[in-house]
Amino acid sequence: MLTRRTLAAALIAAIAMPGLAVAQATTPSAATIERKLEAAPRVKLRPSERVTIREFKRRPDLRRMARSIDIQSINFAFGSAAISSSQYDKIENIADALRRILRRDPGARVLIEGHTDAVGSFQSNQILSEQRAASLKRTLVREFDVPGYALETVGYGEEFLLVPTQNENWQNRRVTLRRFDDFIR
């Protein structure tokens, strides 16, 4: 039951930190995800310039050119890669968008990038980001019937912070979906 005190605290938090109150709770709609991943490519590579998936994962210059969207609303328990069923409504938006894209273009490929904030060691953040990306792929495939062949995963740990801070920051704990079929051989 909501008490006046709880309601007042929530209101004060929303006024004092509006980005925090909205951004953590907001998941992009399936249509928004689809629109971002279906946008015209920023760059068209010639066939001779295309790379392997492995090289694409290692080249930030290429990844920045790819169509992408950050998903900051999937909540993981501290130090965990498990996705609880309470997060499935958020993941359903991702799955709906990916299935529609794949229906129109069976050759579409999406990289699921895991990112962490800078709290903890570099190595533990790297491992955790890899596990979270793999966990999202597993959930999309097993629970939402997204074809596994269309998804690749990679973890970047704290390497690409959106907010440059060594402190905890929810904006840095995210998953990025990046369309890469235009870049690979």
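The model is predicted, with an average pLDDT of 85 for the protein and 86% of the residues scoring at least 70. The protein has 7 helices and 4 strands, and 41% of its 185 residues are buried. Strand β2 is paired with β3 in the parallel sense and with β4 in the antiparallel sense.

**Confidence and overall layout**

- Over residues 1–23 the pLDDT stays under 50. For that stretch the model has 6 contacts beyond four places in sequence.
- Of the contacts between residues at least 6 apart in sequence, 80% join residues at least 24 apart.

**Strand β2 and its partners**

- Burial in β2 extends to 6 of its 6 residues. One side carries V110, I112 and G114, the other L111, E113 and H115, and both faces are covered.
- The parallel pairing of β2 with β3 (residues 151–155) is made by 5 bridges. Within it, I112 has T153 of β3 as its bridge partner.
- Between β2 and β3 the chain passes through α7, and this β-α-β crossover is right-handed.
- The antiparallel pairing of β2 with β4 (residues 174–179) is made by 6 bridges. Here E113 stands opposite T176 of β4.

**R132 in helix α7**

- R132 belongs to helix α7, which spans residues 122–144.
- The relative accessible area of R132 is 7%, which is under the 20% cut-off, so R132 counts as buried.
- A polar atom of the R132 side chain lies 2.9 Å from the backbone oxygen of S80.
- Apart from residues up to four places away in sequence, R132 touches F76, A77, G79, S80, A81, T116 and R173.

- R109 sits in the loop that runs between α6 (88–104) and β2 (110–115).
- Two backbone oxygens lie by its side chain: that of P106 is 3.1 Å from a polar atom of the R109 side chain, and that of G107 is reached at 3.3 Å.
- Setting aside neighbours within four places in sequence, R109 contacts Y149, A150, R178, R179, F180 and D181. Of these, R178 and R179 fall within the residue range of β4, 174–179.
- The C-alpha atoms of R109 and D182 are separated by 8.7 Å, although the two residues are 73 apart along the chain.

**Aromatic pairs**

- The count of aromatic pairs comes to 4.
- One of them is formed by Y156 and F160, whose ring centres are 5.2 Å apart; their planes stand at 85°, so the pair is edge-to-face.
- Y156 has 5% relative accessibility and counts as buried, whereas F160, at 26%, counts as partly exposed.
- F56, F180 and F183 are linked into a cluster by ring pairs. F180 is also among the residues in contact with R109.

Key: Residues are numbered from 1 along each chain as its sequence is written. Side-chain values use heavy atoms; hydrogens and water are left out. Helices (H or I, at least four residues) and strands (E, at least two) are DSSP runs, numbered from the N terminus. Buried means under 20% relative accessible area, exposed over 50%, partly exposed in between (1.4 Å probe, protein chains only). A polar contact is a pair of N or O atoms within 3.5 Å; within protein, one must be able to donate a hydrogen and the other to accept it, and residues adjacent in sequence count only if both atoms are side-chain atoms. Contact means heavy atoms within 4.5 Å. Rings of Phe, Tyr and Trp (its six-membered ring) pair if their centres lie within 6.5 Å; planes under 30 degrees apart count as stacked, over 60 as edge-to-face and the rest as tilted. pLDDT is the predictor's confidence in each residue, from 0 to 100. Two strands pair if DSSP finds at least two bridges between them. A crossover is right-handed if, with the strands pointing away from the viewer, the path from the first strand over the helix to the second runs clockwise.
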